[in-house]
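Below is a short report on selected local features.

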Amino acid sequence: MKYTSYQSNYSNYFLLIVLLVSSCSVPESTTYEDVQIARDKWGVPHIKGKTDKDVVYGLGWAQCEDDFVTLQEQMLASKGMLGELKGKDGLIIDFAIKFMGLKEEVDKRYDAELSQEHKELVESYLSAVNNFAALYPDEVLIKDAFPITPQEALVGNLLGVVAISGSQGHLEKIMNGKIADEIPKGSNAIAIANSKTIGDKTFLAINSHQPLEGWYSWYEAHLNSGEGLNILGGTFPGGITIFHGVNEYLGWAQTVNHADFTDVYELEMDPDNSLHYMLDGKSTALIEKKYWSWMKVWKFIKIPIRRTIYESVYGPTFENDEGFFAWRAVAPRSLKMGEQWMAMNKAKSFSEFKSALEIQGIPCTNIVYADREDNIYFISNARLPKRNPKYQWDKVLPGNTSETLWDEQDNFSITEIPSVTNPPSGYVFNTNNSPFNATDAADDYQESNLNKIQGFQHDNIHNNRSRQFQKLIAQYDSLSYQDFKDVKYSTYYPDTMMTPSVTNLELLMDQDPAKYSEIADAIKVLNNWDRNTTLENTGIAFFNFTYKELENVIKPQGKFKRDGTINEEDCIKAITAAKKYMLDTYGKLEIPWGEVQRHIRGDVNIPLSGGPDVLAAMYAVKDENNQVKGIAGESYIALVQFTESGVEIETVNAYGASAEPDSPHYTDQMQLFADQKLKPMSLDIDKAFAEADTIYNPLKVVR
């Protein structure tokens, strides 16, 4: 349902006022009469109000208009009710949240950690969500899910940071009886100082690689309040601030980083005492914790499902075929991520921005920063405990000693983790590569022995995007804005290819066709491919399917892991299988990539360039008509120029501003996105309102 349709139902206006006044979570004096939402021609909401609470209320309302289904799914998971909607798949998430103890963490920290000011912002956001649900009951997925409380919403926030930190992966492996390394995933961020640009400008590329739709897809908004908030950027459904974006003074991008955010402990069980473990030589009882959730089995039929886990001094503890293991993660141990993001949103200088980072509420993610004073900055932001250096923290730890039980209050400061400020090279970047490769090698932060307990990727960890970026940036003494775009939108793989799980991937490209006559033609396709992923390119399709077959070959061997390698036999098996697939599916080995990879939503189905781990990244899954559909990678993109006259911004989102199929903004940015083009945006709130297609207050019609 498009957002304009919600404005036509004003018969319930009186009901909404009653709900506002009677709300138990918001002061009665809060009426939100000053909230105004202006929708531009792309449907992007520009929201202004006298106070931050006004704006946060407007953001909640706009998100409900544009993607109420996704927002509800997140809230249902936070309440432990997703299994009632999605059956077994939802139940897995319900129990994961319970097993991680996220509700207990919120209950323990809510009053102790959150300022009253931030609590009121959360309450204002939820007032919008709860009022929207009351006003449009036909849109509600589970009738007894509302109202949502602040504590429940914050459970969802913790789930998000746990997911971004990768910590849930270790939990899943404990429960499945497998402890193994995670394979890193992607995002890009680039800042270029004016010493390296043409026209005395400072450039910033905000280029996260996220799912194109769903819980962690980007939602674009412009927030403006009389209390100093004026920022444009991306947030997720359920976010009450901009997560990365730009204000009149500065901007930043965030990418997933890979430090040691989770520890796993193997408990030494007491053979003489059931469900007791040994700690510092003493027998200690596990605490038994029983959970239950409803699971939908058919239409309106649901059944209760019960599970039991345990808790040790280290945290949630699970029994599998290998024994008892405990999970201890950094991410859930603070509720101050929202306060930190708001401080970053409102920062007006580099020093204010760094003060926001010192809150350390956001437990992870690299940050690449630029501002109008020509400061550029990289930090592999992480809240990391000061662990005992006697132990190997990248391995399963002994769970029988308090020496491995770190203090959540004793963390490394932001001056003790990898960062680079204003390097002489004139640029900083991150593509999920090592934080010790963030600029020119001469200017990089140097890895030290601290990394044994911090766990960042070592300085030799690259990926195809980092290698290609460094190759391209080295070609320029200075860049024009178009050069900057060309680098950001590069569709080439580097001359030497690798992935974190296949470090010698180049071996796949270098096989000798003379040795294997039956697949000589297929080997030649790889030999001769120019490493490009444009729509017209006829080699990328075969490489893409060969790599997927390679994964199928090496996964059963246990070789698909961090720093994994392949051999010639693996390559030949993958090429043979890919040749058969291509001939069976397309009747030939070479086909234009635009016929295979597509950008699909609703009735729109258009060619889509890019590939896994190129700078203009795209990850796809098989779809109908022998096509693959892009599902993640390039998503919300914002390119920023800080100039003497102000801030210039261009953005694009993968589909559009709305996830409602009958909205005109459901697919209206798809062609721009596929064409690698952007739309101009502005921080001038008066201009946004003057040029808006629609202006309204959530409580009444303004125009």
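## Lysine 119

Leaving aside its neighbours within four places in sequence, which residues is lysine 119 in contact with? They are Tyr110, Asp111 and Leu114, where contact means heavy atoms within 4.5 Å. Lysine 119 is found in helix 7, residues 116-135. Helices (H or I, at least four residues) and strands (E, at least two) are DSSP runs, numbered from the N terminus. Lysine 119 is buried, because its relative accessible area is 9%. Buried means under 20% relative accessible area, exposed over 50%, and partly exposed in between, with a 1.4 Å probe and protein chains only.

## Basis of the model

This is a predicted model: local features need pLDDT of at least 70, side-chain atom pairs count only at pLDDT 80 or more, and totals for chains, interfaces and linings use all residues. Residues are numbered from 1 along each chain as its sequence is written, and side-chain values use heavy atoms, with hydrogens and water left out.

## Aromatic rings

The structure holds 36 aromatic pairs. One of them joins tryptophan 292 and tryptophan 294, edge-to-face, at 5.5 Å centre to centre and 80 degrees between the planes. Rings of Phe, Tyr and Trp (its six-membered ring) pair if their centres lie within 6.5 Å; planes under 30 degrees apart count as stacked, over 60 as edge-to-face and the rest as tilted. Tryptophan 292 counts as partly exposed at 44% relative accessibility. Tryptophan 294 also counts as partly exposed, at 30%. Elsewhere, ring pairs link Tyr32, Tyr57, Trp61, Phe68, Phe132, Tyr136 and Phe146 into a cluster.

Lysines also sit over rings. Lysine 48 lies over the face of phenylalanine 689, 4.4 Å from the ring centre. The charged end of lysine 555 sits over phenylalanine 560, 5.0 Å from the centre of its ring. The test is NZ of Lys or CZ of Arg within 6 Å of the ring centre and within 35 degrees of the ring normal.

Strand 24 (residues 628-643) and strand 25 (residues 646-652) run antiparallel, joined by seven bridges. Two strands pair if DSSP finds at least two bridges between them. A hairpin of two residues connects strand 24 to strand 25. Alanine 638 has threonine 651 of strand 25 as its bridge partner.

Strand 25 also pairs with strand 26 (residues 679-681), antiparallel, over three bridges. Here glutamate 650 stands opposite proline 680.

## Second largest pocket

Strand 26 supplies the largest share of the lining of this pocket, three residues. The lining has 13 residues, and Asp40, Pro680, Met681, Lys687 and Glu691 lie nearest the centre. A pocket is an open set of points on a 1 Å grid over the protein atoms alone, where a 1.4 Å probe fits, with protein on both sides within 12 Å along at least five of seven lines; lining residues have an atom within 4 Å of a point.
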